[in-house]
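Please read the following report with the sequence and the structure side by side, and look up each residue as it is named.

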Amino acid sequence: MRHFDYNAGEMFAEEVPLAQIAAEVGTPVYVYSTATFTRHYRVFADSFADTKALIAYSVKANSNIAVLATLAAQGAGADVVSGGELKRALAAGIPAEKIVFSGVGKTRREMHQALTADIHVFNVESLAELRVLNEVALALGKMAPIAFRVNPDVTAGGHAKISTGKKENKFGIAWSQAEDAYAEAARLPGIRIVGVDVHIGSQISDLAPFEKAILKVSGLIKRLRAAGHTITSFDIGGGLGIPYGNNAAVPPPPSEYAALVKRLTRDLDVEMIFEPGRMIAGNSGVLLSEVLYVKRGEDRDFLIIDAAMNDLLRPALYDAYHDIEPVRQGDLDQMETYDVVGPICESGDTFTKGREMPKLESGDLVVLHSAGAYGAAQASQYNTRPLVPEVLVNGAEYAVIRSRPTVEDILKTESFPDWLTKHENVTDI
Ligand code: LLP
């Protein structure tokens, strides 16, 4: 069941008309559906109900604390990549023992923060990082639980910028160095080896790369155990893709992914850790925007909307496809072809080119679908456009879960250095 759908010609988020949110909160605005977050989490979790599994939602996909609290209520853990995300996860009520800390560049301060919180595991990405973690742990009188993120040299991922499991990528310990890395870790007094971690990419649309990576890592786990290491967890990262509504390959449903994982790991006797992000959040949100102008060009028509690349960067950065629909269901007999663009002064601020959709006019509302993951989380204030707000719908009610800052709020974080304030032409804000 879709939770962003038409009812009597008007698009709703669950039971709330999107036009009402636009009128009351303003546009552009992200709108999320609690029911969809919950359903996606449940579909994933239920398909591993018979497995020892930790589902560590990848906070980077959508890190709003209300979203995290929604998932925490379902039992989710968290995959975090910064001290900031760790703080969010804890603030949202995700227990530290369900938190894994990933990322190639953890700072000493972040390690200290995570050790003090007693998180589940650090996914370590280099020997240099391991040695620093050992020092920070010893200074705290603790042992840091670690898994090495290994790089299995497997091709996967929907776009070069989101493929991570190839040896030319910056991620993980090189496959040929993995066993030596574990040997060194075993010698460090502040480190406790608990598992192996891998993450091969994002928006993966078939199971073959997962199968390859799991088989490789299973072999590694056996070799590590033979060498005397205790391996109790196997983190296979995130990466399962979602349908975006275009003609690209439709990813397999979580049930098929789960069947594969279970078949390949049954005999390993490990806790499985998953880090799904997009699969949970992607189709749980839309970006709601108003048409500012229809500009009739020489050879094309531009639909200029009030959302821009600073609000949703994916099309500009990854040539990503997002379905775009009018909020007031259009007349299918009156189709037009538009380049849908934002107001930012860059040609890259284009959401799509040559898209056929019902005729739209200035003042009409549109939604960009599948924007719940890597949408608001990647938004910026470029062009001094205040950070896009977020709304969470739950049945017939909704709440603003991130408010739109004012331009004054933005200017307050900036200041004139002494030598400029002395200048008579510069006034205080
Ligand atoms: N675990 C690790 C270590 C990751 O780096 C990522 C995503 C995930 C889990 C979650 O992957 P997912 O299940 O969401 O595919 N901004 C890009 C996607 C970047 C993905 C980065 N890492 C986009 O908008 O497509």
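Helix 6 (residues 127-139) and helix 7 (residues 178-187) pack with their axes 11 Å apart and at an angle of about 10 degrees. Here helices (H or I, at least four residues) and strands (E, at least two) are DSSP runs numbered from the N terminus, while axes are lines fitted to C-alpha atoms, for helices over the stretch in contact, with angles running from 0 to 180 degrees between N-to-C directions. Helix 6 and helix 7 are therefore roughly parallel to each other, a term used for angles under 35 degrees. On the side of helix 6, Leu127, Leu130 and Arg131 meet Ala181, Glu184 and Ala185 of helix 7, where contact means heavy atoms within 4.5 Å. Sorted by class, this contact of helix 6 with helix 7 has four nonpolar, no polar and two charged residues; Ala, Val, Leu, Ile, Met, Phe, Trp, Tyr, Cys and Pro count as nonpolar, Asp, Glu, Lys and Arg as charged, and the others, Gly among them, as polar.

The model is predicted, so local features need pLDDT of at least 70 and side-chain atom pairs count only at pLDDT 80 or more, whereas totals for chains, interfaces and linings use all residues. Residues are numbered from 1 along each chain as its sequence is written, and side-chain values use heavy atoms, with hydrogens and water left out.

Helix 4 passes helix 5 in a left-handed crossing, which is one where the near helix is turned anticlockwise from the far one by less than a right angle, clockwise being right-handed. Gly83, Leu86, Lys87 and Leu90 of helix 4 make the contact with Glu110, Gln113, Ala114 and Ala117 of helix 5, and by class this contact has four nonpolar, two polar and two charged residues.

For helix 8 (residues 208-226) and helix 9 (residues 254-265), the axes come within 10 Å and cross at roughly 20 degrees, which makes helix 8 roughly parallel to helix 9. Helix 8 passes helix 9 in a right-handed crossing.

The ligand is surrounded by 18 residues, of which the closest are Ser202, Glu275, Arg314, Tyr374 and Gln378; a residue is counted as near if one of its heavy atoms lies within 4 Å. The table lists polar contacts, meaning pairs of N or O atoms within 3.5 Å.

| Protein atom | Ligand atom | Distance |
|---|---|---|
| Lys60, polar side-chain atom | oxygen | 3.2 Å |
| Asp79, polar side-chain atom | nitrogen | 3.3 Å |
| Gly277, backbone N or O atom | oxygen | 2.9 Å |

Two details of the backbone remain. Most residues other than glycine have a negative phi, and most peptide bonds are trans. A cis peptide bond, with omega about -5 degrees, joins Thr27 and Pro28, and Pro28 is placed in the loop between helix 1 (18-25) and strand 4 (29-33). Ala8, a residue other than glycine, has a positive phi near 50 degrees, and its place is in the loop between strand 1 (4-7) and strand 2 (10-13).

Key:
Parallel < 35°, antiparallel > 145°, perpendicular 65-115°, else oblique. Polar contact = N/O pair within 3.5 Å; in protein donor to acceptor, adjacent residues only side chain to side chain.
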